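Subject: Structure for you to look at

Hello,

Here is the structure I said I would pass on.

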Amino acid sequence: MLSEKVITEINRIKSKYQEPRSTLLPSLYVVQRENGWIAPEAMAEVGDLLNIPKATVKGVATFYSMFRHKPVGRHVIQLCTNVACMIMGAERLVDLLKQKYGLEPNGTTADGRFSLVIMECIGACGTAPAMLVNTDFHDNLTEENIFKILESYK
Amino acid sequence: MITVTINEKQIKLEKPVTILEAAKVAGIKIPTLCHHEMLKPFGGCRLCLVEVEKLPRLQTACTLSVTDGMVVRTETERVIDARKAMLEFLLINHALDCPYCDKAGECDLQDLVVKYGPTTGRFAEGKRKHPESYDDPIIVRNMERCISCTRCVRMCNQVQGASAISMVNRTSKTYVEPFSGGRYNCEYCGNCLTVCPVGAIISRLHKHTYRPWFIEKNVDTICSFCGVGCTFTVQSRGDAIIRVVPEAGKGVNNGLLCNRGRFGYDYVNSPKRLKSPMIRKDGVLQETTWSEAFAYIAQQLKTIKEQHGGNAIAGVASARCTNEDNYVFQKFMRVALGSNNIDSVAGFAFAPAQRLFGKIFGQGVTANPISGIAKSDGVFTIGGDPTSVNPVLGLQIRAVAQQGVPVVTVGYAAGLRRFSTNRLLPAPFTETTLLAALVSELLKKKPLSGEKSAFGEIIGKLQSISLAEASEVCGIPVKELEACVENLSGVTNPSVIIGRDIIQRTDGHTTILLLAALVHILNGRIYLSSELPNEQGLVDMGCLPDMLPGARPVAVESFRKRYEEFVKGEIPSAPGLGLMEIIEGIKAKRIKALYVMGENVAFNVPGQKFVKEVLSTLDFLIVQDIFLNETAQRAHVVLPSLSWSEKEGSYTNLEGRMQHLRKAIGGQGIEDWKILAEISTRLGVAMQYRDAQDVLAEIAKVSPLHKGISYEDMDGGECMWPYKGEPLRHDAGIEGLSMPDMKSLLKKSDKSKLYIGIDKPLFHSASQSRHSAALNSISSKPYVKIGSSIAKRLEVADGDYVSLSTETDTLELPALVFADMPEGLVLVPNNVEERGAFKLLPWKLNAVMKIPALDGIEVTVTKSERMTAEVAA
Amino acid sequence: MEPFLLKNISNPNSADLSEYVKTGGYAALAKAIDMKPSDIIDEVKKSGLRGRGGAGFPTGMKWSFAAADPKKPKYLVCNADEGEPGTFKDRPILEKNPHLLIEGMAISGHALQAEYGYIYLRGEYPKAKDILEGAIAQAYEKGYLGDNILGKGIRFHLYVHQGAGAYICGEETALIESLEGKRGQPRTRPPFPVNEGFLAKPTVVNNVETLSNIPYIITIGAEAYSKIGSADCPGPKLYSVSGHVKKPGVYELPMGTTLKDIIYDHCGGILGDKKIKAVIPGGISTPVLPGDKLNCPMDFPSMPKHGSMLGSGAVMVFDESVDLVKVCLRAIKFFEHESCGKCTPCREGVGWLRSILVRINSGQGREGDIDLLMEVSKNILGKTFCPLGDGAATVVQSFIKHFRNEFENKIKEAVSV
Ligand SMILES: Cc1cc2nc3c(=O)[nH]c(=O)nc-3n(C[C@H](O)[C@H](O)[C@H](O)COP(=O)(O)O)c2cc1C
Ligand code: SF4
Ligand code: FES
């Protein structure tokens, strides 16, 4: 069940587009911000709100890699490993996350604190390697500072 | 004029088409996969790449339109290499399980690889893994074979409008999935099966039961489920139907089918089929021989006729039987038995409505091609959900809706939920008021022009009622009504689609008048939805108490005489009784014997309780059918007849199109017309027809509508009403008809009360479909649809049982909860023995038209103790 | 050259409207609002501005197509998807100089007589979303946006629309699909967006940097503007430089500055003064160049002559230590991950390239694998629905063309053991 808050937010967004369908991506974001991920029931409900068939909603939601279809940890680490970050040592960071937190790509730590998502280029090549934690941006990562940063996420 | 050169061949074209179409004109074949003639171009598979002069890149023939002077080459080395490359790519993730795949032998990919493809694949790594899905009762999904052409998804979205499946994910991880990921829970039209070029979606009905090359017989015939009359090819082996396949460009359906047509055929192979004639001896039906049965029937009918006269005998014809069957039936009743007491369920709504519209606008006003809907600039539907009663007609509505044409839907039509511009849900049985208001408003915007017509007079007499007043009565905001009027006043040639539910009312006749007024003002085209395949045929063949073949009143002496000359016999001059009157006649002991051909009177007539009691009081009941239905169970004699696929004949669909039914398979039993002929002959009225063709030949002589008609005419396609004959110019006039009075229009329905309405399920029509294993596997359970407000009040969730009681009876049914149901209405289908809506209905007539009146029947709904979540689809 | 696009981004409050106005912001809008739309379009045509999104299409010409179409309403869409790996040039504008973009869009909107504008912002830039929305709110307040811009009765509304992780949505027709709430798959052309774009109405899609050049053109005039940088492709250009250079970052330089100058003069040369091995000059979809071929002017017409493309002007520098097979593999993994799945060669072919590269890179390479890579790329190139697939093929071809030996060595090792 979508919360009242989510529903009102979706209806607010709806009012700003000429075409209700355009509201779909923003609406899915609203749901994900609230729940961390987008459950099938949520897709169906969003579909009802926007008068879009639920199968169509699913087709759209699964096309975009930033929509999540299973529950995630409290904090989502989105680490870029594309070429620029790779040559500046991103892969090593992935290994360290595994060693330190037992965190695998697309996995979540046992305590539900962190989830790890490997990203394609996040536009920080000049200050690589870089990551987003939830919506916070962190670059010039090193084997040391990455953990200082992460420790601030409880 | 455009000139293009393809492979050095010059082609002249009127208008720009795609390279693919241009090549087709020139007889040049360009291989394709994602392209399908019924779908918009996609350009994904890249198989149709061709070389176009002046364009550096290869171009997709399916998407690029030709321009004057364009030079195209489709068989250069570059093109051939590209083709090979695309096929090699496609095989990377395509399971090479052809020996095991049902599609082998009719698989586009297989054929293309054989023709153009690489002989070996160089892709070394493992293919995508994706277990075959058997979660659905009808459709098997094998995504290891899917080539992402998206044809099924585009069919489901663009054409069917169901949008039940979609492509999920991206990259080579893309595949097709229904929302649930397992069961489809869709409309089960199966049109996705038609367009899948490979074996990615397969019908479970015949999985692994045959190879395409095992098919012994291909017979083009007509579907037996509804009044649309879709064309398909029955593919059979021995006397078993393997599958039915439609074909783009053929028939009214142009390649499409609905779930009933595509999967419901299997009832003909049901083990429950009647195999031998039966006579009731010492209270039980016992098998007997045909000759004994014939002799017995003849002798019984003879005595009853002698003792009580022909009027003591009545007959019920069948909207599932052919024109030939029904013609012989009325002849048998009139000539051999001397009775005009002939009717059918067509007499409940289709025939009387058509009659009334005919009186107003002239005979044949409802005979309009379904394809016209797609050309109209507006749609008005009322009286049921066309997408479930006549699904393939419904698709035309969805199609125009997608082109942005205004669609006004009055009443609960879930299938048009996403396709209605104005969705009006009036309080139960207040449609008449709504119509009166719409007519009043539209008259202001579009006053009647031209010379005064009799009907114009009648319209003029309508006391104008305001949207505000209607809003009060119907419980629809004035804004919505205004928006609807706004849209309607803009249209110039709308399609008006009218369903049974609006006619079977106490005030059905006045409602029809208002609808006629609306049609008159809007210059609309009328479509009467028809639940059965041959309702129009019943009318045309004279299976009505007062009409002879060719829709000629029996009461008019000249017509009667003409008929008598042809049939060489006397017939009663007075019109007979309609079906409802017949049943009352039986009750009153005026009718002693009833002859039922292919109809389930005990089930399909509202007020089952009453009807069953009455039927059991008959002196003599003969039932001729393919199943031992509720009526047959009460019969004195039961005769096994043949199903639609087992005999030749013709159906006339709701648009007034005669179509040729061909014998596809053999079956136990005898053609209905032949049975009647046998008995007739034994009654002293000889009928010597060798085959259906002979019967049609006689129809062609007797009926002024069917002058010289033949199966060839039908096979020619456009065999539309009035066929080759002439319609009756002026049917008895319309004086005596009058608009409803203000008082009745302003009467509010009691908000505290709940009323029962009839639901028309997509998956079942009635007596036949319930013997289809396939349709039952989709949905076989009865149910009641209730609005969420009622659900909240009763604290019932989807699937919970509720108990429904009317003055007549009580039923326990699982509830399906819908947020958008109109207040005060619960919907129950009539498709399951002993648990159908008609069981709850009392015996109630529209006094003027002598048809069932299903309005204003109160029902009390309570939460039931039974809480098993027996889920009805 | 005085920076314009990145003017005063060092100022911590550069994103604030008042700061922007202080340094002459919105003066161009005030000027343009009194110009005839057609005059603005002519001015942009004269300026010689070419699209900065990668294709380098002449902006004025694109605009005139849309303007010529009678259909209404018209839409202006800013492509802020910046998904091309190596590219991060739009981000400073979006995050530090949002009003420049807004002003550019307001002017462009007036020129096109478009009443609605959308900024399609990649999901990976959440911070930019808040900044843009804040700036847009300010602009509405001050009447730079809305129903009556600067009281001149001109109407332009601007919205931010957030993508959700799909590189293909940078391709303009896929972007439009996505803006319509659909799966971001490219559309067939024709019809072109300028005639049937968003909601089937005339739609101009322009890159962030492109639109941010508009105020500059209006301010200094087409004449002066066309004198900046390369003659046949003028204007300032943002180059995003990453990899093994001493001072990576975004540089605003005259269009046509050579790779050499960018790397050595502006970025201070190679990190640790190592030897340079290779450069990808225009984002990952552009052909790689060997480190000794840097004397090429970085603009649209010149780069193809030197065997590559300007693309988005994203320069990625690799020193001698880099394993280019690994880089090639990573690049292909990216394309595979981003293939929208619509067309066969990209959907299936790129995955095949990946599997071959994986085995080579992991020491499982086989004889003939290099030829196979070339063959498969050839079968993809020029046959895909959109340029994404072509990108993948070019990458492989260019890497093998210039660094075949690295591939061979890996295979040799594999075959010998
Ligand atoms: C696969 C692909 C990705 C693209 N990504 C972007 C992008 O991230 N940003 C962008 O501005 N243009 C991108 N483009 C180019 C756009 O399609 C389009 O040409 C551009 O936005 C037009 O704006 P311009 O004329 O100002 O360059 C991409 C093109 C392709 C084929
Ligand atoms: S090349 Fe084809 S599959 Fe790849 S992104 Fe473009 S359209 Fe999609
Ligand atoms: S048929 Fe043309 S691309 Fe598939």
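This is a predicted model: local features need pLDDT of at least 70, side-chain atom pairs count only at pLDDT 80 or more; totals for chains, interfaces and linings use all residues.

Residues are numbered from 1 along each chain as its sequence is written, chains are lettered from A and ligands numbered from 1 in the order in which they are written, and side-chain values use heavy atoms, without hydrogens and water.

Ligand 1 is surrounded by 19 residues (a residue is near a molecule if one of its heavy atoms lies within 4 Å of it). Among the closest are Gly53(C) and Thr210(C). By class, the shell has 5 nonpolar, 8 polar and 6 charged residues (Ala, Val, Leu, Ile, Met, Phe, Trp, Tyr, Cys and Pro count as nonpolar, Asp, Glu, Lys and Arg as charged, and the others, Gly among them, as polar).

A side-chain N or O atom of Asn207(C) is 2.8 Å from an oxygen atom of ligand 1. For Asn206(C), a polar side-chain atom lies 3.0 Å from an oxygen atom of the ligand. The protein covers 90% of the 610 Å² of accessible area that ligand 1 has on its own (Shrake-Rupley method, 1.4 Å probe).

Chain B has an open sheet of 5 strands in the order E2-E1-E5-E3-E4, with mixed pairing (strands are DSSP runs of at least two residues, numbered from the N terminus; two strands pair if DSSP finds at least two bridges between them). Its edge strands are E2 (9-13) and E4 (59-60) of chain B. Strand E3 (residues 49-52) of chain B pairs with E4(B) in the antiparallel sense over 2 bridges, and Val50(B) has Gln59(B) as its bridge partner in E4(B).

Regards

Terms used
A polar contact is a pair of N or O atoms within 3.5 Å; within protein, one must be able to donate a hydrogen and the other to accept it, and residues adjacent in sequence count only if both atoms are side-chain atoms. Helices (H or I, at least four residues) and strands (E, at least two) are DSSP runs, numbered from the N terminus.
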